[in-house]
Amino acid sequence: MGVGVGVFLAAHHVDSWVLVGVEALFAGAGSLFADSTTLRPAGPFFGILALGACASVPAAAPWPAAVLIAAGSAACSIMVGFGGWFRGGTWRRGWRREVAALRGARRRAARLHALRYMSAVGAAGSVGVLSGSGHQPTRTSS
């Protein structure tokens, strides 16, 4: 998802402050998702990296093509990850991973994590923009 948002932002030459805001919101949403599904490694790091990296370079290809390439790469990575399972794993019909619902103290902790990620990404992006080292959208002549 981070690749798709990042490539979309790059293709539309968004202002640096828009990029900082979108990335901060994405960090918060990604943190809530990671906490609610107990992803490991914990946190939205890969999504934040994908969005920032893809949004900070000029779009060299149509954004749908870039998203399809990223989706294909992710599918390949998943297949490699399941390689050992395919070799000797067994499938149990109806099996699901147990994940506790975000309630009570766990919900408060997830919200705090999301606010911390949003603050950190927003602060880091703001420092980059204010110092002049941030993303500068490039306009290509067509």
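**Helix packing and cores**

Author: Helices α2 and α3 are roughly antiparallel to each other, in a model that is predicted. Their axes come within 9 Å and cross at roughly 165 degrees, and α2 passes α3 in a crossing that is right-handed.

Reader: Which residues of α2 and of α3 make that contact?

Author: From α3 the contact draws on Gly47, Ile48, Leu51, Gly52 and Ala55, while α2 supplies Leu19, Val22, Glu23, Phe26 and Ala27. Sorted by class, the contact of α2 with α3 has two polar residues and one charged residue, and the nonpolar residues number seven.

Reader: What is the orientation of α1 relative to α3, parallel or antiparallel?

Author: Helix α1, residues 2–11, packs against helix α3, residues 45–55, with the axes 7 Å apart and an angle of about 20 degrees between them. Angles under 35 degrees count as roughly parallel. The angle of about 20 degrees therefore makes the orientation of α1 to α3 roughly parallel.

Reader: What is the handedness of the crossing of α1 and α3, and how do the residues of that contact divide by class?

Author: The crossing in which α1 passes α3 is right-handed. On the α1 side the contact is made by Gly2, Val3, Val5, Gly6, Val7, Leu9 and Ala10, and on the α3 side by Gly47, Ala50, Leu51, Cys54 and Ala55. By class, the residues of the contact of α1 with α3 divide into no charged, three polar and nine nonpolar.

Reader: Which residues does leucine 51 contact, leaving aside its neighbours within four places in sequence?

Author: Leucine 51 takes part in the contact of α3 with α1 and also in the contact of α3 with α2. With neighbours within four places in sequence left aside, the contacts of leucine 51 are Gly2, Val3, Val5, Gly6, Leu9, Leu19, Val22, Glu23 and Phe26.

Reader: Which residues make up the largest nonpolar core, and which elements give two or more residues to it?

Author: The largest nonpolar core has six residues in all, namely Leu9, Val14, Leu19, Phe26, Leu51 and Ala55. The elements that give two or more residues to this core are α2, spanning 16–37, and α3.

Reader: Which residues are among those of the other core?

Author: Another core, of five residues, lies apart from the largest one, and among its members are Ala24, Ala27, Ile48 and Val121.

Reader: Is threonine 37 buried or exposed, and what does it touch?

Author: Threonine 37 has its place in helix α2. Its relative accessible area is 19%, and buried means under 20%, so threonine 37 is buried. Not counting residues up to four places away in sequence, threonine 37 touches Arg97 and Val99.

Reader: Where does alanine 42 lie, and what separates its C-alpha atom from that of serine 31?

Author: Alanine 42 lies in the loop between α2 and α3, and with a relative accessible area of 38% it is partly exposed. Alanine 42 and serine 31 are 11 residues apart along the chain, and the separation of their C-alpha atoms is 8.3 Å.

Reader: How many helices and strands does the protein chain have, and what share of its residues count as buried?

Author: The pattern of the protein chain, read along the sequence, is α-α-α-α-α-α, which is to say six helices and zero strands. Among contacts between residues at least 6 apart in sequence, 85% join residues at least 24 apart. Of the 142 residues of the protein chain, the share that count as buried is 24%.

Terms used. Residues are numbered from 1 along each chain as its sequence is written. This is a predicted model: local features need pLDDT of at least 70, side-chain atom pairs count only at pLDDT 80 or more; totals for chains, interfaces and linings use all residues. Side-chain values use heavy atoms; hydrogens and water are left out. Axes are lines fitted to C-alpha atoms, for helices over the stretch in contact, and angles run from 0 to 180 degrees between N-to-C directions. Helices (H or I, at least four residues) and strands (E, at least two) are DSSP runs, numbered from the N terminus. Angles under 35 degrees count as roughly parallel, over 145 as roughly antiparallel, 65 to 115 as roughly perpendicular and the rest as oblique. A crossing is left-handed if the near helix is turned anticlockwise from the far one by less than a right angle, and right-handed if clockwise. Contact means heavy atoms within 4.5 Å. Ala, Val, Leu, Ile, Met, Phe, Trp, Tyr, Cys and Pro count as nonpolar, Asp, Glu, Lys and Arg as charged, and the others, Gly among them, as polar. A nonpolar core is a set of buried Ala, Val, Leu, Ile, Met, Phe, Trp, Tyr and Cys residues joined through side-chain atoms within 4.5 Å. Buried means under 20% relative accessible area, exposed over 50%, partly exposed in between (1.4 Å probe, protein chains only).
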